[in-house]
Amino acid sequence: MPTDKKKISLVWLKRDLRLQDNEAIVNALNSGKPVLLLYVFEQILMDDEHYSERHWNFIKQSLVDLNKQLETHKSKVLVVKSDMIVVINQLLNYYHITNIFSHQETGILITYERDKLFSRFCKNNQINWSESISNGVQRGLKNRDQWIEKCNSYFEIEPLIFQPKKGQLFSVKEIKNLETCFKLINLETNFETPFQKGGRTTGLKYLDSFLNNRFENYLFNISKPELARTSCSRISPYIAWGNLSIREVYHRAYQQKKIVQNKKAIEAFMSRLRWQSHFIQKFEMEHTMEEASINKGFHKLKKEISKQYQIAWKTGQTGFPLIDACMRCLNETGYLNFRMRALVVSFFTHNLWQPWQEATTHLSQMFLDFEPGIHFPQLQMQAGETGTNILRIYNPIKNSYEHDPDGIFIKKWVPELNSLDLKFIHEPYLMTEMEQGFYNFRLGVNYPVPIIDIDETRKKASDTLWNLRKNKVVKRETERILKKHTVPKMKSS
């Protein structure tokens, strides 16, 4: 490596699109060398079926927001469209890159394979690549024996402050010169969409409004499809793409808990922040669950694929109003509260009897807050294929009456039912021919006839899954999973 080139440190931004509480950036600044911030729109990810335009737009908005914050420091992020190794090779023509800093990424399999290649590339080019722990998730664990202590230690650390010295970051002029060497990407996006907008600035507004007042009804409305849209924090996309770190949110919530009366709501919110780390840790330790059930005993479960069922489910045309409202809402806004997510997956895997893998890409594309470490473990848990969790088959009718009793959510997203009386909003298929005439409404024309029998399909799924749980392989795998993934405190309880 020629010594006449300027020595620099580089920060590879991925799912950590923030300046504050970003250990990779802090470590780069502490290296004592000029720091270049880099984000690469990687073609392998842009082509991957798990991602969609809504994700890339959120990322673009996050980068624009980052650059606004960096204006004070007369710097910006170098944003290019390429392959990471190609980018570094190009930069090596101009600089001696001594260190690359990033966060460990618990991503889909393609990112794991990319990181292995990149690690070899760095070693071959005598570049020290340092990866920081992300949100308390530990790499290389064989079990959870020390996990809770390590995770607690991580969360107890005060969030890191972004304090670059003057001239420590690459200047805007230097980065503009570099941009001439790469294929760039247009960061402009359409803000006239119903999706939450990316960026730390917006993420903090959601967090502040939640901790200041919206949290009051958090526990009351968490399961309700319409009310949850304002009573829940709505910061999941900002955590998924790293505009906010879980640690800083946890610290903010902890301080707020000291001064509010409704402490239970804040405590419940904080527990879910830790729950998030738990599930991502599970995926980190068992990455094969991206494609196959974590419990190998369920690999023998065969389901007949029905594209007709799948299309009806994806487009909100199943004949079950709450299911259809949820899917239409998700497709248009990118958000559903947790219970409704569990409901639509349960309906897909149990009532439609479709493999959970067939739901993977559609849901990942639709969820604005797509986080692999949450996505795949949750799909399998709701499908009842872990062997360790209680089998839950959600009844869409029961949930409709309980969580949308006035049909507000259903009428908003399934407007073809608006003219019906409330009793038919939840179950339009109960209408007689004469009643359909009263409303000038025809099942099968204005709205689909239910595509399955809810009671028959529920029984089939329940009987099949409970019988399979008696299988020796399922039982053996259940013991293995509990031994590997259960936190010690949970084992003794």
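## A buried serine in a loop

Leaving out its neighbours within four places in sequence, serine 233 is in contact with Tyr206, Phe210, Arg214 and Phe269. This is a predicted model, so take the contacts here as computed from that prediction.

Is serine 233 buried or exposed? The relative accessible area is 9%, and buried means under 20%, so serine 233 counts as buried. If you want a sense of distance, pick glutamine 43: it is 190 residues away from serine 233 along the chain, and the two C-alpha atoms are separated by 32 Å.

## The open sheet

Now for the strands. The model has an open sheet of 5 strands with parallel pairing, in the order β3-β2-β1-β4-β5. At the edges are β3 (78-82) and β5, each of which pairs on one side only. From one strand to the next, the twist averages 30 degrees.

Strand β2 (residues 35-42) runs parallel to β3, with 5 bridges joining the two, and leucine 38 stands opposite leucine 78 in β3. On to β1: β1 and β2 also run parallel, joined by 5 bridges, and here leucine 10 stands opposite leucine 36 in β2. The pairing of β1 with β4 is parallel too, over 6 bridges, with isoleucine 8 opposite isoleucine 97 in β4. How enclosed is β1 by the rest of the structure? Largely, because 6 of its 8 residues are buried.

## From β4 over to β5

Asparagine 99 stands opposite asparagine 128 in β5. To get from β4 to β5, the chain goes through helix α5 (residues 109-124), making a β-α-β crossover that is right-handed.

Helix α5 lies across β1, β2, β4 and β5, and runs at about 140 degrees to β5. Helix α1 (residues 23-30) lies across β1 (6-13), β2, β4 and β5 as well, running at about 150 degrees to β4.

## Two helix pairs that cross

Two packed helices are described by the angle between their axes and the distance between the axes. Take helix α14 (residues 307-315) and helix α15 (residues 321-333): their axes come within 7 Å and cross at roughly 70 degrees. Angles of 65 to 115 degrees count as roughly perpendicular, and α14 and α15 are therefore roughly perpendicular to each other. Which residues meet there? From α14 come Trp313, Lys314 and Thr315, and from α15 come Ile323, Met327, Arg328 and Asn331. Sorted by class, that contact has 3 nonpolar, 2 polar and 2 charged residues.

Next, helix α6 (residues 147-156) and helix α12 (residues 246-257). Their axes come within 9 Å and cross at roughly 70 degrees, which means α6 is roughly perpendicular to α12. On the α6 side the contact uses Tyr154, Phe155 and Glu156, and these meet Ile246, Arg247, Tyr250 and His251 in α12. By class, the contact of α6 with α12 has 4 nonpolar, 1 polar and 2 charged residues.

## A buried histidine

Histidine 55 lies in helix α3 (residues 53-70). With a relative accessible area of 0%, histidine 55 is buried. What does histidine 55 touch, not counting residues up to four places away in sequence? The list is His50, Trp241, Ser364, Gln365, Phe367, Leu368 and Phe370.

## Two residues with positive phi

Most residues other than glycine have a negative phi. Glutamine 126 is not a glycine, but has a positive phi of about 55 degrees. You'll find glutamine 126 in the loop between α5 and β5. Its relative accessible area is 64%, so glutamine 126 is exposed.

Tryptophan 353 also has a positive phi of about 55 degrees, although it is not a glycine. This one is in the loop between α16 (338-351) and α17 (357-366). Is tryptophan 353 buried or exposed? Tryptophan 353 is buried, with a relative accessible area of 10%.

How values were computed
Residues are numbered from 1 along each chain as its sequence is written. This is a predicted model: local features need pLDDT of at least 70, side-chain atom pairs count only at pLDDT 80 or more; totals for chains, interfaces and linings use all residues. Side-chain values use heavy atoms; hydrogens and water are left out. Two strands pair if DSSP finds at least two bridges between them. Helices (H or I, at least four residues) and strands (E, at least two) are DSSP runs, numbered from the N terminus. A crossover is right-handed if, with the strands pointing away from the viewer, the path from the first strand over the helix to the second runs clockwise. Axes are lines fitted to C-alpha atoms, for helices over the stretch in contact, and angles run from 0 to 180 degrees between N-to-C directions. Angles under 35 degrees count as roughly parallel, over 145 as roughly antiparallel, 65 to 115 as roughly perpendicular and the rest as oblique. Contact means heavy atoms within 4.5 Å. Ala, Val, Leu, Ile, Met, Phe, Trp, Tyr, Cys and Pro count as nonpolar, Asp, Glu, Lys and Arg as charged, and the others, Gly among them, as polar. Buried means under 20% relative accessible area, exposed over 50%, partly exposed in between (1.4 Å probe, protein chains only).
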